[in-house]
Amino acid sequence: MASIDFPVRIALLDDHPLFRQGMRYILQALPYVEAVDEAGEFAELLALCRQRLPDVLLLDLQMPGMDGPEVAKTLLAEFPGLKIIVLSMFSADKFITQMLKLGARSYLPKDADQDQLRQALEDVLTTGHHVTPRMARALLRGAPAAPAPAPPLSALVQLTPREEEILRLICEGRTAAEIADHLFISRRTVEGHRQNLLEKTHAPNSTGLVVYAVRHGLLDA
């Protein structure tokens with residue numbers, strides 16, 4: 001489990017009361033969650049955010065009156081630090097890439113299980129992003145075609161074998177804890193390698209690392 005040593009407030013925007021009730025039950029069982037705010041429409045959510053900004057917003061993509069992209073764009077213009085995780089029944093590449101470009105921190109299908117939701121929350125709270133293999137493939141397929149084959153990764157930056165190994169595992173959607181267990185190293189060591197990767201590739205975050213890697217042949221579409 002990710003190390004979260006502060007109380008977390010989560011907001012949920014979805015127009016289905018039964019779904020919100022189920023999500024509230026799941027979220028309130030997490031030890032670091034202090035409160036869960038529900039909203040069935042944008043105006044209600046905006047009022048909640050202005051009263052007390054949540055740490056994370058779980059956002060349905062399809063809302064009556066104002067859809068997910070409009071909600072994200074409007075909220076992030078006023079609250080640029082808000083962390084948004086999309087929960088949607090739509091899994092087409094265009095929806096995923098659109099929301100990531102707008103500033104969403106992760107994108108999960110609505111049929112994700114509790115462990116997937118928990119991991120996404122913890123990654124977003126501790127590292128800023130949660131990248132799934134589905135997101136990585138969408139980013140790869142949405143990348144502009146290069147006029148010539150991309151040069152090998154080693155020709156672009158000097159990565160150690162361990163850094164390359166960790167980069168591939170990040171591209172598979174593995175968390176720092178999972179990478180640490182897989183490689184029999186500490187999570188702190190994984191985070192150190194990740195920071196080195198960010199500096200060497202000039203990627204802004206884990207999503208940027210995935211984009212960089214898939215463009216240079218480390219992840220198949």
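I began with terms: contact here means heavy atoms within 4.5 Å, and angles run from 0 to 180 degrees between N-to-C directions. The model is a predicted one.

With that settled, I looked up helix H3 (residues 68-78), which lies across E1, E3 and E4 and runs at about 155° to E3.

I then traced the sheet itself, and found five strands in the order E2-E1-E3-E4-E5, forming an open sheet with parallel pairing. Its edge strands are E2 and strand E5 (106-109), each of which pairs on one side only. On average, and ignoring direction, neighbouring strands of this sheet are turned by 20° against each other. Helix H1 (residues 17-28) also packs on the sheet, where it touches E1, E2, strand E3 (56-60) and strand E4 (83-88), and its direction makes about 170° with that of E2.

Next I went to the pairing of strand E1 (residues 8-13) with E2, which is parallel and extends over six bridges; in E2, Ala 35 is the bridge partner of Arg 9.

Last, I checked the rings, and the count came to one aromatic pair. The centres of Phe 90 and Phe 95 are 5.2 Å apart with planes at 45°, so I recorded the pair as tilted. Separately, I noted that Lys 110 lies over the face of Phe 19, at 4.3 Å from the ring centre.

Terms used: Residues are numbered from 1 along each chain as its sequence is written. This is a predicted model: local features need pLDDT of at least 70, side-chain atom pairs count only at pLDDT 80 or more; totals for chains, interfaces and linings use all residues. Side-chain values use heavy atoms; hydrogens and water are left out. Rings of Phe, Tyr and Trp (its six-membered ring) pair if their centres lie within 6.5 Å; planes under 30 degrees apart count as stacked, over 60 as edge-to-face and the rest as tilted. A charge sits over a ring if NZ of Lys or CZ of Arg is within 6 Å of the ring centre and within 35 degrees of the ring normal. Two strands pair if DSSP finds at least two bridges between them. Helices (H or I, at least four residues) and strands (E, at least two) are DSSP runs, numbered from the N terminus.
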